Amino acid sequence: MALLKVDGLGKRYGGLEVLCDVSFRLESGERVALIGPNGAGKTTLLNVLTGFTAPESGRIFLLDQDVTKMPSHRRVALGLARSFQLNTLFPRLNLLINVLLAIQGIQTIRYHWFRPIRAYTGNLDRAQELLQLVGLWKQRNSPVAALGYGQQRLVEIILALASRPKLLLLDEPSAGLTGEESDHLGDMVRNITKETTVLFSAHDLDLVYSLADRVMVLYYGKILTQGTPEEIQNDPKVGEIYVGSEE
Amino acid sequence: MRLIPFIVIVLFLLILPSFAGLALVSLATKILIYGLLVMSLDLLVGYTGLWAFGHAAFFGIGAYTTAILMVRFDVTSYWITAPASLLLVLFAASLFGLIALRVSKVYFLLITLAMGQLVYGIARTSLGKLGAITGGSDGIGGVPYPDFGFYFSPNSYYYFTLAVVILCVFVMYRIVHSPLGYSLQGSRESEIRLRALGYNTWLYRYLAFLIAALFAGVAGLLYIYFNGYISPDAIGVEATGFLWLMIIIGGSGTLWGAFIGSTVVLALQYFASTVIPERWPLIFGGCFVIAVIIFREGIFPKLRSFWSKVINYGVVKG
């Protein structure tokens, strides 16, 4: 059984075809990278998968369930989580609250209205675990806006991890990071349990080749090719679009 | 240490009637009622990030329902009129919320403003049967204190109001620090992120709208018994504008700021209008400008940081 099955997805903005007949499968436990030049449709694809953008054609199956028309918050309950290319956090709330909000996202306690949020000790322990993972436990009481960009980038990822998702979509997790920060992030993604399948988009090919079991190349809304990192590295078509787009 | 100012204020409020005259006790009652109303609006504006501009309408529906039931239909039992008023407030809010929450930001402001004016318009109609019930622009008066088996005096009604307001503040305080309350703040900070975490953000905003309306309805009930009289002027867009000013002066997203705002504005109005009634708007406008310049985030955040400095100083010294 495929964890995610995508069948003939299509999306256009006006006359521009952003996604065109995109089909692929993700198997449980895989680490899959999504690469392609700017404007290839990577972010749109992630938005369609998470329900932030409605596709015009095609279907999406998560764990054999058709989720094509399901609102995004219900997909999260099925085990889907995502991060954003641009930091999308709760800037004026403190770090601990940010993480607690992420943890309770799939719990019914998110509707509790009388007990203080900090009284749910199970979630507090989990928050401590996540914040220690990125070395930010000491800063838990500062507002997220006060953190540095690189630290916010890490928070972006632990928020997505908080619900222990079955499928994690990371939209350019290393965007804007220094080499060292990017390595740290790579280690973090590598250490994510195999219970979680990861699909991530990235421009940093070193990160892609070191992390991914499989690479999909998106080019003008179509899947140009896919294969293991070695296959993609040696594929002349891929070299062409990358050299072409970067010069 | 942090609770000291709070305890001092509550003690002060408890002994106030023993030395203050009727006028001041009545002013204090009004300040408490408006503080509660402003706090309910702050749940939307400051916590949830919903710019509601028709909020006084829910206050009005609460007050008017009780007044109409008591004066026009001779329903004297508090146990019928109060629940009926609050139910009607919730009913109106559940309808208005459905329509207004299809949009956000300034569009939400405009739609809630229109809805507020709709309620104002209905209350102000002086023609036909409706006019006979609402009293039109004259409003409706002659509402006695609630009958709990004993007679209220202005002093005992002040204590009653104080008790209800403290209870409401306690409940509101628990709400904003609960999982639900922080989720509302999350929807203010980033609706997209909250949705990506599995929250039905629409439902949260709707709940906030209903809760805020309910508290506004309670304030409306307290007001009609206190004032005995309600007119369309107390519930229209101008009234909501005043609530916004109180939030801005006191500090949004803080709960206590609501009470500071209502104290400053109503006390200023009271003293200015006893000295030079015709110049009151001028004095008020000037004070508003000064408050915004000096206390940019509102008075409460300034006081809070001042007090934490005092505490820290004490800790360092001690």
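**Note on helix 2 of chain B and the fold of chain A**

1. Helix 2 of chain B is largely enclosed by the rest of the structure, because 21 of its 27 residues are buried. Buried means that 20 or more other C-beta atoms, placed from the backbone, lie within 10 Å of the residue's own. Helices are DSSP runs of H or I with at least four residues, and strands are runs of E with at least two, numbered from the N terminus.

2. This is a predicted model: local features need pLDDT of at least 70, side-chain atom pairs count only at pLDDT 80 or more, and totals for chains, interfaces and linings use all residues. Residues are numbered from 1 along each chain as its sequence is written, while chains are lettered from A and ligands numbered from 1 in the order in which they are written.

3. Now chain A. It has 9 helices and 10 strands. Its C-alpha atoms fill a box of roughly 55 × 40 × 35 Å along the principal axes. Of its 247 residues, 45% count as buried.

4. Confidence comes last. The predictor gives the complex an ipTM of 0.94 and a pTM of 0.94.

Terms used. Buried ≥ 20, exposed ≤ 12 C-beta atoms within 10 Å, placed from the backbone.
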